[in-house]
Amino acid sequence: MSKIILVSLILAGCLNAKILYSTTVKSVYLDDNSKDVAGKLLPTNAIEVLQKSSDRVKFALKGYVNPSSPNVIYYSNGDRIIALSFAKTKTPKYEIIQKAKDGKFDEIRVVAYTTNDELENELKPMIDRAKQTYQESCSICHQLHKESQYNPNQWPSLFRSMLSRTPIDKKDEWLIIQYLQKASKGDIK
């Protein structure tokens with residue numbers, strides 16, 4: 001009987017897991033009380049809320065780590081789409097879900113903390129805003145590049161090289177880069 005109750009509680013916890021998305025670049029901490037910023041969570045990346053307090057969120061994020069660079073958590077295996085990065089002096093603890101094979105990255109799950117603001121339930125409105133901003137701003141000077149025209153690793157430097165010539169607000173830089181990188185993979189429309 002106690003095993004049935006335990007399994008029911010675990011399943012209920014999994015079903016009630018809340019997925020949120022950062023709308024902006026957010027500071028990340030290694031514990032609930034720290035004021036010392038350990039890293040940055042980039043927009044559009046899904047986090048699973050594990051615990052919520054009045055000002056902090058404990059979250060889990062699944063991603064990929066290049067074993068030779070453990071401070072950067074990538075969105076996908078092999079592409080340099082950053083989801084979460086940590087300072088070199090703040091290496092996070094993470095669990096390996098699957099060890100890397102054939103030169104790919106380790107699939108991992110990391111637990112960290114961030115502030116309880118600028119998090120949204122839905123990804124689509126953010127993506128729509130990033131797409132619209134990209135289309136309206138980047139077609140002023142030249143014909144708009146299709147998102148698929150460049151691979152995910154090419155978009156950040158290309159976009160940044162033209163950012164100063166656009167009316168795009170600096171706070172939206174990573175939102176648009178994340179959109180372009182993920183759209184170039186076909187992960188978002």
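How many of the residues in the protein are buried, as a share of the 189? Here are my notes, starting with that one.

1. **Burial and model.** Buried residues make up 40% of the 189 in the protein. Buried here means under 20% relative accessible area, exposed means over 50%, and partly exposed is in between, using a 1.4 Å probe and protein chains only. Keep in mind that this is a predicted model, where local features need pLDDT of at least 70 and side-chain atom pairs count only at pLDDT 80 or more, while totals for chains, interfaces and linings use all residues. Residues are numbered from 1 along each chain as its sequence is written, and side-chain values use heavy atoms, with hydrogens and water left out.

2. **The overall layout.** The protein has four helices and 10 strands. Helices (H or I, at least four residues) and strands (E, at least two) are DSSP runs, numbered from the N terminus. The C-alpha trace spans about 65 × 40 × 35 Å along its principal axes.

3. **Surface and contacts.** The accessible surface of the protein comes to about 10900 Å², and 51% of that belongs to carbon and sulfur atoms. These areas come from the Shrake-Rupley method with a 1.4 Å probe; for residues, only the protein chains shown count as cover. Now take the contacts (heavy atoms within 4.5 Å). Among those between residues at least 6 apart in sequence, 61% join residues at least 24 apart.

4. **Strand β2 and its partners.** Two strands pair if DSSP finds at least two bridges between them. Strand β2 (residues 26–29) runs antiparallel to β3, with three bridges joining them. β2 also runs antiparallel to β9, this time with two bridges.

5. **Val-37.** Have a look at the loop between β2 and β3, where Val-37 is found. Val-37 is partly exposed, with a relative accessible area of 33%. Leaving out residues up to four places away in sequence, Val-37 touches Ser-27, Val-28, Tyr-29 and Lys-90. Val-37 and Tyr-113 are 76 residues apart along the chain, yet their C-alpha atoms are separated by 9.9 Å.

6. **Two positive phi values.** Thr-44 has a phi near 75°, which is positive in a residue other than glycine. You'll find Thr-44 in the loop between β3 (39–41) and β4 (46–52). Glu-118 is another non-glycine residue with a positive phi, near 50°, and it lies in the loop between β9 (106–115) and β10 (119–120). Buried or partly exposed: which is Thr-44, and which is Glu-118? Thr-44 is buried, with a relative accessible area of 4%, whereas Glu-118 is partly exposed at 44%.

7. Rolling a probe the size of a water molecule over the atoms shows where empty space is left. On a 1 Å grid over the protein atoms alone, a cavity is a set of points where a 1.4 Å probe fits but cannot get out, while a pocket is an open set with protein on both sides within 12 Å along at least five of seven lines; lining residues have an atom within 4 Å of a point. Grid points are joined across faces, edges and corners, and a volume is the space filled by probe spheres set on the points. The largest pocket has a volume of about 310 Å³. Of its 19 lining residues, Asn-45, Ala-46, Ile-47, Leu-61 and Lys-62 are the closest to the centre. β5 supplies the largest share of the lining, five residues.

8. **The cavity.** There is one cavity of 30 Å³ or more, and about 100 Å³ of space lies in the largest cavity. Its lining includes Tyr-134, His-142, Trp-155 and Thr-166. α2 (124–138) and α3 (155–163) each supply at least two lining residues, and α3 gives the largest share, five.

9. **Helix α3.** Trp-155, Pro-156, Leu-158, Phe-159 and Leu-163 are buried in α3. What covers these buried residues includes α2 and α4 (173–185).
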